[in-house]
Amino acid sequence: MTHPAQEYDVVIAGGGLAGRSLAYFLSREPGLSGARILIIDDAGERYPHRSLIYWHDDPLPLPLTPAATFTSLAVDAGPAQRVLPLERHRLCLTSSRAVFRCLDDVIDANPHITRLNAWVSRVRARADSVEVALSDGRLVTASHCFDSTLPLTGITAPLLMSGEVRRVRTAHESFDPSTATFMDFRSGEHHPVHFHCVLPISAREAVVEVTRIMPGKAPSPDFSFEQATSAYLREVWGASTFSLLSVERGSIPLGIRHRSSRGRHVRIGTPSGAVKATTGYGFTRILRQTQHIASTLATTGSPDAHRPSPRFRWYDRPVLKMWRHDPEHAVQFMRAAFTSGDADLVLDFLDERTTFAQERGLLGSMPVAMLLQPRLWI
């Protein structure tokens with residue numbers, strides 16, 4: 001059964017971070033104050049609480065108060081850590097709950113925004129409009145559809161980053177609250193390769209994340225995230241006694257193929273490539289993308305879904321292949337990359353905001369020869 005089409009100015013397919021962020025920024029554009037916006041999402045309970053790590057060197061476009069802010073970055077230099085100061089950037093810890101609350105306060109106060117609990121079955125872009133079909137037969141039309149949904153059948157990715165995040169409290173003072181530990185592989189030669197991040201809340205309390213990167217279709221080896229975290233805290237931090245305050249679990253596909261936009265059907269968020277292919281970081285990248293789209297839609301009537309330079313995909317490709325085929329060499333490469341001496345430049349590079357001249361200098365300090373193996377490019 002079909003229904004008469006309902007008309008909107010903007011349809012947003014997907015109500016996660018990208019969809020909510022776009023609705024938030026559209027609401028804050030004076031030129032779009034009366035725009036009729038529809039958010040289509042069958043979220044239910046599929047947006048569990050997640051800790052979010054992000055960095056920025058200019059004001060964040062959201063009024064967020066982070067749970068912790070760090071002015072130094074400790075990186076794995078082999079047997080010991082190397083602590084690098086952050087001159088321009090600040091590394092921060094927040095939660096998806098805090099972010100969504102901030103976004104929803106603005107979205108829910110806008111009488112022109114409607115939320116619809118449904119899922120999109122088809123999007124058909126025309127020259128001057130877009131038609132969105134829902135699974136129950138309803139149709140909606142709009143000037144533009146911004147789509148952050150993934151295929152209902154799931155996605156295939158060459159790599160899967162999976163991990164667990166534990167908030168722990170140690171019996172004694174163990175952490176420096178000004179310093180975040182980033183990609184620490186000092187947990188012994190365990191299979192599969194895994195690394196830790198440590199974000200202190202206080203001298204005795206921290207968020208400890210253990211992450212592994214595996215081929216997407218590979219069978220999962222016997223591995224205990226809990227045991228890996230306990231061994232890491234004991235052997236690296238000397239914290240043999242600690243209490244567990246909370247646990248989060250999740251996974252991020254790495255290196256997924258970007259889905260292209262077609263006219264007025266514009267991809268945003270993960271399907272558009274906003275999440276960094278080699279690290280899984282995407283929070284501030286998605287904020288910048290959706291803010292830019294809202295701004296250009298308001299000023300020109302035509303959204304500009306800015307895409308980074310294709311050379312960053314060129315950089316990412318051999319690193320992804322290395323993680324897939326030679327993870328031990330990938331560990332050596334990542335250690336060298338993060339101990340280059342300029343933490344701010346490394347974070348800019350991960351954000352794909354560096355110039356070619358800066359990249360040439362940064363790559364000159366890395367073991368680039370590792371990336372020149374033919375099998376990493378074929």
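Leaving aside neighbours within four places in sequence, which residues is Thr290 in contact with? Here are some notes to read beside the model, which is a predicted one.

1. **Thr290 and its partners.** Thr290 sits in helix H4, which covers residues 283-300. Once neighbours within four places in sequence are set aside, its contacts are Ala18, Ser21, Leu22 and Phe25. The relative accessibility of Thr290 is 0%, and since anything under 20% counts as buried, Thr290 is a buried residue.

2. **Helix H1.** Helix H1 runs over residues 17-27 and is mostly covered, with 10 of its 11 residues buried. Those buried residues are Leu17, Ala18, Gly19, Arg20, Ser21, Leu22, Ala23, Tyr24, Phe25 and Leu26. Ala18, Ser21, Leu22 and Phe25, the contacts of Thr290, are among them.

3. **Arg20 and Asp104.** Arg20 is one of the buried residues of H1, and it lies over the face of Phe100, at 4.0 Å from the ring centre. Arg20 is also touched by Asp104, which touches Arg115 as well, not counting residues up to four places away in sequence. Asp104 belongs to helix H2. With a relative accessible area of 15%, Asp104 is buried.

4. **The second largest pocket.** How many residues line the second largest pocket? The lining has 32 residues, and Gly255, Ile256, Arg257, His258 and Leu320 are the ones that lie nearest the centre. The space in this pocket comes to about 770 Å³. Strand E18 (242-254) and helix H5 (311-325) each supply at least two residues of the lining. Helix H5 gives the most, with seven residues. Sorted by class, the lining of this pocket has 13 nonpolar, eight polar and 11 charged residues.

5. **The largest cavity.** The structure holds two cavities of 30 Å³ or more. The largest cavity has about 60 Å³ of space. Its lining is made of Ile53, Tyr54, Trp55, Tyr281, Gly282, Phe283, Thr284, Arg285 and Asp351. Strand E4 (51-56) and helix H4 are the elements that give two or more residues to this lining. By class, the lining of the largest cavity has five nonpolar, two polar and two charged residues.

6. **The second largest cavity.** About 30 Å³ of space lies in the second largest cavity. The residues that line it are Asp76, Phe182, Met183, Phe185, Met334, Arg335 and Phe338. Two or more residues of this lining come from each of strand E15 (179-184) and helix H6 (327-338). Helix H6 gives the most, with three residues. The class count for the second largest cavity is five nonpolar, no polar and two charged residues.

7. Met183 has its place in strand E15, and at 11% relative accessibility Met183 counts as buried. Glu352 is another case: its phi is positive, about 60°, although Glu352 is not a glycine. Glu352 lies in the loop between helix H7 (343-350) and helix H8 (356-364). With a relative accessible area of 13%, Glu352 is buried.

8. **Aromatic rings.** A search of the whole structure finds 13 aromatic pairs. One aromatic cluster is formed by Phe312, Trp314, Tyr315 and Phe349. If you want to describe any pair for yourself, a pair of aromatic rings is described by the distance of the centres and the angle of the planes.

Key: Residues numbered from 1 in each chain as written. Predicted model: local features only at pLDDT ≥ 70, side-chain atom pairs only at ≥ 80, totals over all residues. Heavy atoms only, no water. 1 Å grid on protein atoms, 1.4 Å probe; cavity = no way out; pocket = protein on both sides within 12 Å on 5 of 7 lines; lining within 4 Å. Points joined across faces, edges and corners; volume = space filled by probe spheres on them. Helix = DSSP H or I, 4+ residues; strand = E, 2+ residues; numbered from the N terminus. Nonpolar A, V, L, I, M, F, W, Y, C, P; charged D, E, K, R; others polar. Buried < 20%, exposed > 50% of the residue type's maximum accessible area, 1.4 Å probe, protein only. Contact = heavy atoms within 4.5 Å. Phe/Tyr/Trp six-rings, centres within 6.5 Å; stacked < 30°, edge-to-face > 60°. Lys NZ or Arg CZ within 6 Å of the ring centre and 35° of its normal.
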